[in-house]
Amino acid sequence: MKYVILLLVLTFLMLPIYLVDSVSKVRYIRLFKCPSKTIAYKNSIIFAGNLSNLGNDKLTKVYFEYGRSKDLGIRTPIYTLKNPGIFCIKVINLTPCTTYYYRAVAQNSAGTNYGEIKEIKTKCK
């Protein structure tokens, strides 16, 4: 019960939620205030996407796929959206001065929709 209340308080306060991949040590931070486009820093990237509609569903699952090649290979945690709009996630512990490829993905009862693969380079300094 304590954990449910804490999660509700964190959600109400709109604080970021941290998740860590125990194998790669990459950290994911769910942000509640998103930039309008993807932004790269030295060791992190904020991936931003725009869900234009939910189709005929009440909920749509969204996430990003990314990697150092166009094959991608890494997926961020999945989040469920109740409303269309911009969504984002910050990925931390990335390699500086490195090109990453990424795309947004949305899933609902109509199927899976993949955005176009884009590239972004983390800052060198």
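Trainee: How do the residues lining the largest cavity divide into nonpolar, polar and charged?

Mentor: Happy to start there, with the ground rules first. This is a predicted model, where local features need pLDDT of at least 70 and side-chain atom pairs pLDDT 80 or more, while totals for chains, interfaces and linings use all residues. Residues are numbered from 1 along each chain as its sequence is written, and side-chain values use heavy atoms, without hydrogens and water. Counting Ala, Val, Leu, Ile, Met, Phe, Trp, Tyr, Cys and Pro as nonpolar, Asp, Glu, Lys and Arg as charged, and the others, Gly among them, as polar, the lining divides into nine nonpolar, one polar and one charged.

Trainee: Which residues line the largest cavity?

Mentor: On a 1 Å grid over the protein atoms alone, a cavity is a set of points where a 1.4 Å probe fits but cannot get out, and a lining residue has an atom within 4 Å of a point. The lining is Arg30, Val62, Tyr63, Phe64, Thr76, Pro77, Tyr79, Leu81, Phe87, Cys88 and Ile89.

Trainee: Is Ser52 buried or exposed?

Mentor: Buried means under 20% relative accessible area, exposed over 50%, and partly exposed in between (1.4 Å probe, protein chains only). Ser52 has 61% relative accessibility, so Ser52 counts as exposed.

Trainee: And which residues is Pro96 in contact with, leaving aside its neighbours within four places in sequence?

Mentor: Contact means heavy atoms within 4.5 Å. Pro96 and Lys42 are 54 residues apart in sequence, with their C-alpha atoms 5.0 Å apart in space. Beyond those sequence neighbours, Pro96 is in contact with Lys42, Asn43, Thr122 and Lys123.

Methods:
On a 1 Å grid over the protein atoms alone, a cavity is a set of points where a 1.4 Å probe fits but cannot get out, and a pocket is an open set with protein on both sides within 12 Å along at least five of seven lines; lining residues have an atom within 4 Å of a point.
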